[in-house]
Amino acid sequence: MYWFSRKKKNEPAVPGLILPGGGARNAYQAGVLKAIAEILPDDTANPFPVICGTSSGALNAAILASNATRFSEGVTRLTGIWENFSCDKIFYTDAWTAIKSGARWAAAFVTASLGTSSPRALLDNSPQRSFIESHIRLARIQHAIDTGALRALAVTASSYSSGHSISYFQGVDGLLPWQRTRRFGIEEEIGIDHLMASSAIPLIFPAVWLNNEYHGDGSMRESAPLSPALHLGANRLLIIGVRNQTPDTAPLAGSSVPYPSIGQITGYMLDTLFMDSLDADIERMNRINHMLTEVPDKRVELQDTTLRPIEFLAISPSRDVREIAQRHAVDFPRSVRLLLKGLGALTQEGRPLVSYLLFEPGFCRELMELGYRDGLAAQEEIRELLLSE
């Protein structure tokens, strides 16, 4: 599904790419980008001078930014990574680790010791750090900026102590930090800790120490996911979401509805964490665009910012990702299946949690194929957004 807003401007086009979080669902973004690489002419330079990512979307963003001097090759690298993904590249999946994790959480609840001695997270994602070191050449980001292939990369994380949403950005000279209500933009060279912090899903993965405080998943405090790209100079946006926009139906009157399991509640929380603020921000931007059509010069000057029309294209899965995940749940390593079964996540209601953690090739490849088809279905809008003056 895609949502396209056409707003003509007189300023030069600066497209920005928005890659929100979604765990294993972010394989869908790789499929859409594969379609874009095929849709655009072979000699097209990096079509996204501004790239912004959150959570697993930050990993995708960093891969693209580090390969910005050769966009098509970067997309090929990205799709190759997702085609060969597995859970053990992100978190430990051996039986002993799963048993220890389950026992620690059970003991913590039973003894009410959720304090200094409590377990830090359900899963140990130490392998993710090694994966980033092996697959993302972060030093190439500055090279892409220096050669003019990239204007800026932004990675968003949430600070636990101060409660701020912080978009760390690396870009060309002249970009200014920003401050809004509980939202900051801070210029820093993007490193492994920024990517680990941005993707530290609360309770699932441990928090990351960065700049004198612990950080967690960037989606937690990200009330305006489109804002970093605009602060960094983008005036056209391609947004690749990872949730089907068809709402769930409410249970019928008199039907038997089981009490939600821990797995269902956790999946619901992650849905809210990753998706709701993005949908709300897109709706807000659409309202502002509509309001500006009534203004003669199509701009509104405020005290600390200027409102201007933003042309955007939002692409999201045309199928329910949770149904795909449920079919592939058997692909989990046995130890992880046992852990998730204990949480009630392998039921119909627990599908959302499964879809965020299923970093296995069967699921990721099907999501990529779905993204590829959805990208091709929006090829006219993609060309207009990225190629029109």
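Me: Which residues is Q170 in contact with, leaving aside its neighbours within four places in sequence?

Reply: Q170 is in contact with I141, Q142, I145, R151, A152, L153, E188, E189 and I190, where contact means heavy atoms within 4.5 Å. This is a predicted model, in which local features need pLDDT of at least 70 and side-chain atom pairs count only at pLDDT 80 or more, while totals for chains, interfaces and linings use all residues. Residues are numbered from 1 along each chain as its sequence is written, and side-chain values use heavy atoms, with hydrogens and water left out.

Me: And where does Q170 lie, and is it buried or exposed?

Reply: Q170 belongs to strand β5, residues 165–171; helices (H or I, at least four residues) and strands (E, at least two) are DSSP runs, numbered from the N terminus. With a relative accessible area of 4%, Q170 is buried, the term being used for values under 20%, with exposed over 50% and partly exposed in between (1.4 Å probe, protein chains only).

Me: What does the side chain of Q170 make a polar contact with?

Reply: Its partner is the side chain of Q142, at 3.0 Å, and the side chain of Q170 also reaches the backbone nitrogen of I190 at 2.9 Å. A polar contact here is a pair of N or O atoms within 3.5 Å; within protein, one must be able to donate a hydrogen and the other to accept it, and residues adjacent in sequence count only if both atoms are side-chain atoms.

Me: What does the side chain of R183 make a polar contact with, then?

Reply: The side chain of S227, at 3.0 Å. R183 is found in strand β7, residues 183–187, and beyond its neighbours within four places in sequence it is in contact with S165, W178, S223, A224 and S227.

Me: How many salt bridges does a search of the whole structure find?

Reply: The search finds 9. One of them pairs D193 with R129, the closest N and O atoms being 2.9 Å apart. Because D193 lies in helix α7 (residues 192–198) and R129 in helix α5 (residues 126–135), the pair ties together parts that are 64 residues apart in sequence. D193 counts as partly exposed at 30% relative accessibility, and R129 is partly exposed at 31%.

Me: What does R243 form a salt bridge with?

Reply: R243 is paired with D279, with 2.6 Å between the closest N and O atoms. This pair links distant parts of the chain, 36 residues apart, with R243 in the loop between β10 (236–240) and α9 (262–292) and D279 in helix α9.

Me: Are D320 and R322 buried or exposed?

Reply: D320 and R322 are both buried, and they form a salt bridge in which the closest N and O atoms are 2.8 Å apart. R319, R327 and E366 are linked in a network of salt bridges.

Me: On to the helices: at what angle do α2 and α3 pack?

Reply: α2 and helix α3 (residues 71–83) pack at about 145 degrees, with their axes 8 Å apart; axes are lines fitted to C-alpha atoms, for helices over the stretch in contact, and angles run from 0 to 180 degrees between N-to-C directions. In this packing N60, I63 and L64 in α2 meet F71, G74, V75, L78, I81 and W82 in α3.

Me: Is I63 itself buried or exposed?

Reply: I63, in helix α2 (residues 56–66), counts as buried because its relative accessibility is 3%. The C-alpha atoms of I63 and G74, 11 residues apart along the chain, are separated by 6.9 Å.

Methods
Salt bridge = Lys/Arg side-chain N within 4 Å of Asp/Glu carboxyl O.
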